[in-house]
Amino acid sequence: MAQITIVGDGPGGLSAALFLARADHEVTVYGTDATVMHFAFLNNYLGIDAISGTEFQNNAKQQVTDSGATLLEQEVESVTVDQGVITVTSSANTHSPDFLILGEGKQMPIANSLGIQMVAGEDEIVPVDRYGRTSIPNIYVIGRSARPTRSQAIISAGDGAATALDILSTIEGREVQDWDSPPKE
Ligand SMILES: Cc1cc2nc3c(=O)[nH]c(=O)nc-3n(C[C@H](O)[C@H](O)[C@H](O)COP(=O)(O)OP(=O)(O)OC[C@H]3O[C@@H](n4cnc5c(N)ncnc54)[C@H](O)[C@@H]3O)c2cc1C
């Protein structure tokens, strides 16, 4: 079982948590519930008719905890990496996860402190690959943090899912997908 820490309790972090907890890994989400989802009313989330951002967040948090992840309402204060060891310090504890996912939202002080910087161009982006991998092994950046000027809830959730599958594939050494079928009659 891998220990995976997620910084950020918006749609990005929660989506990653859902996939990783379903695969029975030890998943901890740190969040301060300062997501801009509380200002949103979603009419553009595929498969959902219309929902307030706050209700979406409440549903998502319930789904994630039901799947076995731990949600801690704590701020992560710092992250360091020394000889490949990631150390996360929150307002209440210090630990060293195997993987770290940063879904901090528009501001990304933790990512910045690790030298992960925005690159200005046609669009402002963080240089990650399609799975959210950064240049630091086992550290990912997802969601609004990765593309602040093109932020949508469903994109953040998709980023979280893509990162989760990359972590699961890395752990298992094969391509992993989370597919379920309807129960047989
Ligand atoms: C007014 C408004 C209306 C919007 N309407 C829509 C809409 O209709 N449809 C749509 O798709 N999108 C909409 N959006 C955009 C949508 O809200 C974002 O795309 C989405 O919230 C991004 O999700 P995220 O997970 O990437 O980041 P966020 O939702 O920003 O989540 C980041 C989370 O990380 C937490 N965090 C950050 N740093 C730390 C730390 N160090 N320790 C612990 N926790 C931390 C924060 O508390 C926050 O909860 C709207 C946005 C705004 C502002």
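Two residues count as in contact when their C-beta atoms, placed from the backbone, lie within 7 Å. Everything in these legends comes from a predicted model, where local features need pLDDT of at least 70, side-chain atom pairs count only at pLDDT 80 or more, and totals for chains, interfaces and linings use all residues. Residues are numbered from 1 along each chain as its sequence is written.

**View 1. Leu72 and its contacts.** Leave out residues up to four places away in sequence, and Leu72 touches Thr28, Val29 and Tyr30. Leu72 itself sits in strand E5, residues 70-72. Helices (H or I, at least four residues) and strands (E, at least two) are DSSP runs, numbered from the N terminus. Leu72 has 16 C-beta neighbours inside 10 Å, so it counts as partly exposed. The scale goes like this: a residue is buried if 20 or more other C-beta atoms lie within 10 Å of its own, exposed if 12 or fewer, and partly exposed in between, with C-beta atoms placed from the backbone. Asp9 is 63 residues from Leu72 in sequence, yet their C-alpha atoms are 9.3 Å apart in space.

**View 2. The shell around the ligand.** Here 34 residues surround the ligand, and the closest are Gly8, Gly10, Gly12, Gly105 and Gly143. A residue is near a molecule or strand if its C-beta atom, placed from the backbone, lies within 6 Å of it. Helix H1 (11-22), strand E3 (41-42) and helix H4 (153-172) each put at least two residues into this shell. Sorted by class, the shell holds 14 nonpolar, 15 polar and five charged residues. For that sorting, Ala, Val, Leu, Ile, Met, Phe, Trp, Tyr, Cys and Pro are nonpolar, Asp, Glu, Lys and Arg are charged, and the others, Gly among them, are polar.

**View 3. Helix H1 and what covers it.** H1 is mostly covered, with 11 of its 12 residues buried. Among the buried ones are Gly12, Leu14, Leu18 and Phe19. The cover over the buried residues of H1 includes strand E1 (3-7), strand E2 (26-30), helix H2 (53-66), strand E9 (99-102) and H4. The expected span is 1.5 Å times one less than the number of residues in the helix. After H1 comes Asp24, with a positive phi near 70 degrees.

**View 4. Where H1 meets H4.** The axes of H1 and H4 come within 7 Å and cross at roughly 35 degrees. These axes are lines fitted to C-alpha atoms, for helices over the stretch in contact, and angles run from 0 to 180 degrees between N-to-C directions. On the H1 side, the contact includes Pro11, Gly12, Ser15 and Phe19, and on the H4 side it includes Ala153, Ala157, Gly160 and Ala164. Residues of this contact divide into 10 nonpolar, six polar and one charged.

**View 5. Helix H4 along its length.** At 1.5 Å a residue, the 20 residues of H4 should span 28 Å, and the end C-alpha atoms are 29 Å apart, which agrees. Buried residues of H4 include Ser156, Asp159, Thr163 and Asp166. Their cover includes E1, H1, E3, E9 and strand E10 (139-141). Just after H4, Gly173 takes a positive phi of about 70 degrees.

**View 6. Ile110 in helix H3.** Ile110 belongs to helix H3, residues 109-113. It counts as buried because it has 21 C-beta neighbours inside 10 Å. Setting aside neighbours within four places in sequence, Ile110 is in contact with Val7, Val76, Val79, Leu102 and Glu104.

View 7. Gly84 is in the loop between strand E6 (76-82) and strand E7 (85-90). With 8 C-beta neighbours inside 10 Å, Gly84 counts as exposed. Asp33, in the loop between E2 and E3, has a positive phi near 55 degrees despite being a residue other than glycine. Asp33 has 13 C-beta neighbours inside 10 Å, so it counts as partly exposed. Asn138 lies in the loop between H3 and E10, and its phi is positive too, about 70 degrees, although it is not a glycine. Asn138 is partly exposed, with 18 other C-beta atoms within 10 Å.
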